[in-house]
Amino acid sequence: MSDLADLTVSEAASSIRRGEATSLEITNAVIARAGVTESHLHAYLTFDQDAARAAAQAADAALAAGDDGGLFHGIPIALKDNMTTRGTETTAGSKILSGYVPPYNATVVRRLQDRHAVILGKTNLDEFAMGSSTENSAYGPTRNPWDTDRVPGGSSGGSAAAVAVGSALAALGSDTGGSIRQPASLCGIVGVKPTYGLVSRYGLIAFASSLDQIGPFARTVGDTAALLEVIVGHDIHDATSYRGDVPPISTALETGVAGMRIGVVKELSGEGIDDEVAAACRAMYEKLAAAGAEVTEVSLPASETALSAYYLIAPAEASANLARFDGVRYGLRVDGDTTEEMMARTRAEGFGPEVARRILLGTYALSAGYYDAFYGQAQKVRTLVRRDFAAAYEKVDVLVSPTSPTTAFPIGERTADPLSMYYADVCTIASNLAGDPSGSIPIALDSAALPIGFQIMAPALHEEQLFRVAAEVERLAEFRQRPELATSEVRPA
Amino acid sequence: MSGWEAVIGIETHVELQTESKMFCGCPVRFGAEPNTTVCPVCLGLPGALPVPNEEAIERILRIGAAFECTLVEGSLFHRKNYFYPDLPKNYQITQYDLPFCIDGHLDIEADGEEVRVGITRVHMEEDTGKSIHGSETGRIHDAEYSLLDFNRSGVPLVEIVSEPDIRTPEQARAYAAELQRVVRSLGVSDARLEEGSVRFDANISVRRAGDDFGTRAEVKNMNSLRSLQRAIAYEIDRQIALIESGSEVVQETRHWDEGSGKTSSMRSKEESEDYRYFQEPDLVPLHVDQTWRDRVFAGLPELPAVRRHRIAATGVDRQAAAVMVEAGDLADLFDEAVSLGSEARTVGNWLSGDVVAYLRRNETTLADTHLQAEHLQELAVMVGEGALSSTAAKDVLARVLAGEGSPRAIAEQHDLLQISDTGALEAEVEAVLADNPDVLAKLQSGDLKPIGFLVGQVMRATGGKADPKVVSELIRNKATAG
Ligand SMILES: [Zn+2]
């Protein structure tokens, strides 16, 4: 049979329960896969084989004792390295947190451990999740498994690359402006940003608090929905976490789209979108219509200014969120003659250029005399974006668009031009400003054999509709390709 | 300062004595070992998030309600950004344009005048940690090392901002004192200056009567009500002298030095930071609805001013009423004794005079004595019946406070009971009159002056236990009958 590292989560879960494989065997296969792929990809910052094997053995023992944690019991998964893990170094991809070992677990980590999931390690990311290519990591870039000269997207590039290549069966990422969906798109896997507040942010190292949301990556829509179901729910440690009942998530995967109203976002279908990406998406709109959906074009006028608003709001919040990294209590400390000098030197050396740029941008946007023109104005645009979505959802059930304007771009291509990098999030940012759920599903490869992602957006707390359409898109696309790195015959021994 | 008027506003910080801190579950405990009441949240560790403490919010609403503020329905928290080593996140969670309470007032009395001081706002913030600098002066500049204690980090702090309605140092002191009383009466904080659970900063400017406001200076570091009054008086004089000599007042923060009795410049406005306030995205707007607001107002205790007026209206001296209300527990005991039927004026005088003196002399508190309302009632009845002289009553009261027993038992045991039985005293009166025929003659002639002498003789003969009123009456009867 095929390599256990290539199983989907639901296949692996069935194998474990049928006695065909143990969690330890699956975990060992994934560790072996990582042993081959990591030298090409650098998806992980921390990879703890021993801890993973111990967790797998514990999961096998628990299951034997009748304690079944559900679908993710014994499944090896990866965490983006901006989620705190007790006793395991957590750096957020930054030099300033080099060597920092948190004394507590993020809520999502606790929820995974409660279900006996096996945590393999911590994946690479753009420093403090600021970036769209994972090139901003202080520990070196992650490479795209489809073409190692290209970026995997970002900021959750490590998680996306690991799932794509089989060095994890699933993973968690975080999405502030597209950081789950865009790398999912560029790596050819499924990634979902849930409704803001549905998953606790406690223990997620904050980038922009009002936009950040943790979400799942997997190779199938079903596995992605199932992982989301493990981590959702109110958390008393997060005042912004949703207090109501958890909405249905995976309840309509088999329903199909007949009768559903699907809106194609007008502003995200033409200019600025790569021709092959646009064409692949158009083909999918037609297939959805053929499957019984009512597909219409819908306008979101404010989405054109959303990118500018995002690049004021997110840096403004970040400028305060990252103020705590000062060398006083943890992480890097660069000594100085005075406390102020120590703090300034620590920050100057500890932060990379993109993080420094955003802190400066955010500090400026909040400054007296500029607040109204920048931060205040950006908040107004945010309100307009919400209104646009509300108006659109009067007419349609979900909105669709490409996830990324292009497929994976070459490493180094955009690092010198921040604005071209920022443009990578043009399709994804509006959902963060609105706080709505949104996901990316792979639908095709372009002529360079790079994956194209299809974005589905739904109203807040309507994850059920998002996954209903996603499951149909998955069936219609019949996207079964895997990167060559994941197929054993071409992997170097 | 003829022709000059001072304009004073006071910012008060009150540390709330809640069970737990403002945004985490750590206990609020003073004097704990450094860095033992801390967690990821109040240490500002990466990923930790604040969750508001409802008990603290309830308490700030009580404070606002006591000042008859409007309780704001959709209150918000903001981040105030500045770098300081004892501020773990390098921003403080505080309130900005939508505080919990706005537009209230506090009535005070000073220099024999009633003054209404407006309360602009009452808002909530988190306290910082403490820096301990390893240097001779204890200041950061020449420190070789600094130690940080985050036990105080995140303790709920309420800021009460007054309108610039205060005109004299005496009014400022009266405002601060009354504010402390109000806060204590609410049971939200002990509001002690010495322990730092309350802090007053004063904004002071001067102007010639009728002019616009002058440039103000903020004065900090006053550790007692007396130093608040002194610092303000000093600052007013300094500013007047400055202007009269042709200079100008600089807008700045000034530090009061208790030893030298002077203020000195800490930092000027130009150096003051831009705090880049913005809405705290980790917290959601707090919805204080009408039901909640009504409940807070309905749950307020009787406030000190109202209580003073009520107690004074029972016939108790105003000063005595003020003393009891200031202490709180004395007024509670007073109310209890009066509810048992005790004579208010008598009990009020004992509590505000004898009991206060006893507590001070013995450096103890009312709770540590054995005095009960029932004791006061029994004592008042004995005095009313004439069984105890007012002098003997004070002696008995001191013994009750010391835990010797009930007033009647003490009076009997120490033979302090007064003889007011006419039958028992008649013989003594007869004997004294017989010994002083010339004095008796004077009385009979209508000269009643010597009656006091005769009463004194009877008192001496009975060892002071006779009721002088009864004796006097007996002598008068004998004289007119004879
Ligand atoms: Zn704490």
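This is a predicted model: local features need pLDDT of at least 70, side-chain atom pairs count only at pLDDT 80 or more; totals for chains, interfaces and linings use all residues.

**The interface**

Start by colouring chain A and chain B separately. The contact takes 38 residues from chain A and 32 residues from chain B. The size of an interface is often given as the accessible area lost when the parts come together. Here chain B and chain A bury about 2700 Å² between them, and 61% of that is on carbon and sulfur atoms. Between the two chains, 16 residue pairs are in polar contact, with both residues at pLDDT 80 or more.

How many salt bridges are there between chain B and chain A? The count is one. Select A:Arg201 and B:Asp282 to see a salt bridge, with the closest N and O atoms 3.1 Å apart.

**Aromatic pairs**

Next, show the side chains of the aromatic residues. Over all chains, the structure holds 22 aromatic pairs. Select A:Tyr285 and A:Phe454: the ring centres are 5.8 Å apart and the planes are at 55°, so this pair is tilted. The pair links distant parts of the chain, since A:Tyr285 is in helix H8 (residues 275-290) of chain A and A:Phe454 is in strand S11 (residues 451-457) of chain A, 169 residues apart. A:Tyr285 counts as buried because its relative accessibility is 9%, and A:Phe454 is buried with a relative accessible area of 0%.

Now move to chain B and select B:Phe77 and B:Phe100. Their aromatic pair is edge-to-face, with 5.9 Å from centre to centre and 75° between the planes. B:Phe77 is in the loop between strand S3 (74-75) and strand S4 (78-81) of chain B, while B:Phe100 is in the loop between strand S5 (91-94) and strand S6 (101-110) of chain B. Both B:Phe77 and B:Phe100 are buried.

**Charges over rings**

Select A:Arg414 and A:Phe409. The charged end of A:Arg414 sits over the ring of A:Phe409, 4.0 Å from its centre. For another example, select B:Lys80, which lies over the face of B:Tyr275 at 4.4 Å from the ring centre.

**Helix H4 of chain A**

Select residues 107-114 of chain A, which are helix H4. Which residues of this helix are buried? They are A:Thr107, A:Val108, A:Val109, A:Arg111 and A:Leu112. The elements that cover them include strand S2 (76-80), strand S3 (118-123) and helix H7 (221-231) of chain A. Just after H4(A), A:His116 takes a positive phi of about 65°.

**Backbone features in chain A**

Most residues other than glycine have a negative phi, and most peptide bonds are trans. Select A:Ala92, which has a positive phi of about 55° although it is not a glycine. A:Ala92 lies in the loop between S2 and H4 of chain A and, at 0% relative accessibility, counts as buried.

A:Phe128 also has a positive phi, of about 50°, and is not a glycine. A:Phe128 is in the loop between S3 and H5 of chain A, and is buried with a relative accessible area of 2%.

For the last stop, select A:Gly154 and A:Ser155. The peptide bond from A:Gly154 to A:Ser155 is cis, with omega near 10°. A:Ser155 is found in the loop between S3 and helix H5 (157-165) of chain A.

Notes. Residues are numbered from 1 along each chain as its sequence is written. Chains are lettered from A and ligands numbered from 1 in the order in which they are written. Side-chain values use heavy atoms; hydrogens and water are left out. Rings of Phe, Tyr and Trp (its six-membered ring) pair if their centres lie within 6.5 Å; planes under 30 degrees apart count as stacked, over 60 as edge-to-face and the rest as tilted. Helices (H or I, at least four residues) and strands (E, at least two) are DSSP runs, numbered from the N terminus. Buried means under 20% relative accessible area, exposed over 50%, partly exposed in between (1.4 Å probe, protein chains only). A charge sits over a ring if NZ of Lys or CZ of Arg is within 6 Å of the ring centre and within 35 degrees of the ring normal. Contact means heavy atoms within 4.5 Å. Buried area is the accessible area (1.4 Å probe) that two parts lose on being put together, summed over both. A salt bridge is a side-chain nitrogen of Lys or Arg within 4 Å of a carboxyl oxygen of Asp or Glu. A polar contact is a pair of N or O atoms within 3.5 Å; within protein, one must be able to donate a hydrogen and the other to accept it, and residues adjacent in sequence count only if both atoms are side-chain atoms.
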